[in-house]
Amino acid sequence: MIHCENLVKIYKTLDTEVLALQGLDLEVPDGQLMGIIGNSGSGKSTLLNILGALDVPSAGTVSVNGVNILQLDDRQMIEYRRSTIGFVWQNSARNLIPYLTALENVELPMQIARRRKRSWARELLDMVGLSHRERSRLDQLSGGEQQRVAIAIGLANNPPLLLADEPTGAVDSETTERIMTVFQRFNREIGVTIVIVTHDRRLSRNVDRVVAIRDGKTSSEFLKRQSYREAFEHDRAAEDASLFPESDSTHDEYVLVDKAGRLQLPHEEMRRMGIKPDSRLRVVEEDGRLVILPPAAEER
């Protein structure tokens, strides 16, 4: 579904250059529910804007659903944004038009694409649990309800990929669980690939895979030992939030090696082992495994 290779993004002003992405590589298979985490300035939102064709990289390649989006002309780019991707933003003002009802907001992308179908709009609102609010306007909906309408809007034209930028950043934990359940349902029932960008590591319990970005590169991954779909097949109570414990014990963490053979160690492990920038580490092979040894005490 998504293939990014050696993505670089440089933002320039008159006297400053900011390197937002530094050779980022990313592969996302079709039908995956995944999260991208990172601190402010790590490059995660820049990556989302590139995937959504709202920005272009300074170097590298990116393809979505088999399409190299860097080779699209203006007309093809418009069609790509209408049909291939859906967006969910943290700010409700970017998701909903305040003087339209929830149903009219969901119908609007279909009208623009000349494929209006009121029955599908109502089905989407029903799937997010808001069929009873279809006549409500923005000021009559809570923050969580607005975000659930936004998810329905993002899927109005039935895109194969849904991009969500901090969709739970402005709601409480209970509403976050409700919103994540909606993402899980759409991923499970219609097979849409979903990429959620957030700074909250607790997201990992609700998705199958989490990619951590640091300094403009993918640094590590957290993979669920049992995918959400597999868990649902074995337990019909999968929509119960208790399936996803607060800890990351359901996930295994992996450090990623880039094409040049470099890897980034998690900050927590560096602090625990006394590793500082420019430290010299020993790498040895033991029983078919590579073992990284911390610096000697006198080097710390």
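Student: Which elements do the buried residues of α5 pack against?

Tutor: In this predicted model, the buried residues of α5 pack against α4, α6 and α7. The residues in question are Trp120, Ala121, Leu124, Leu125 and Met127.

Student: How do the buried residues of α5 fall when seen down the axis of the helix?

Tutor: They fall within an arc of 160°, so they line one face of α5. Just after the helix, Gly129 takes a positive phi of about 75°.

Student: Which residues of the largest nonpolar core touch the most other members?

Tutor: This core has 40 residues, and those that touch the most other members are Val106, Leu125, Val149, Ile151, Phe183 and Phe186. At least two residues each are supplied by β3 (33-37), α4 (102-112), α5 (118-127), α6 (143-154), β7, α7, β8 (193-198) and β9.

Student: What does Ile151 touch, not counting residues up to four places away in sequence?

Tutor: With that exclusion, Ile151 touches Val88, Leu162, Ile179, Val182, Phe183 and Phe186.

Student: Is Glu166 buried or exposed?

Tutor: Burial is read from the relative accessible area, with under 20% counted as buried. Glu166, at 11%, is therefore buried, whereas Asp215, at 49%, is partly exposed.

Student: Which residues lie nearest the centre of the largest pocket?

Tutor: Of its 22 lining residues, Arg81, Phe87, Pro109, Ile112 and Ile153 lie nearest the centre. Two or more lining residues come from each of α2 (74-83), β6 (85-89), α3 (92-95), α4 and α6. The space in this pocket is about 580 Å³, and its lining divides into 14 nonpolar, 5 polar and 3 charged residues.

Student: What is the volume of the second largest pocket, and how does its lining divide?

Tutor: The second largest pocket has a volume of about 460 Å³; its lining comprises 5 nonpolar, 9 polar and 7 charged residues. Asn39, Ala212, Arg214, His267 and Glu268 lie nearest its centre. The elements giving two or more residues to this lining are β9, β10 and α9 (267-273), and α9 gives the most, with 4 residues.

Terms used: Residues numbered from 1 in each chain as written. Predicted model: local features only at pLDDT ≥ 70, side-chain atom pairs only at ≥ 80, totals over all residues. Heavy atoms only, no water. Buried < 20%, exposed > 50% of the residue type's maximum accessible area, 1.4 Å probe, protein only. Core = buried A, V, L, I, M, F, W, Y, C linked by side-chain atoms within 4.5 Å. Contact = heavy atoms within 4.5 Å. Arc of directions from axis to C-beta. 1 Å grid on protein atoms, 1.4 Å probe; cavity = no way out; pocket = protein on both sides within 12 Å on 5 of 7 lines; lining within 4 Å. Points joined across faces, edges and corners; volume = space filled by probe spheres on them. Nonpolar A, V, L, I, M, F, W, Y, C, P; charged D, E, K, R; others polar.
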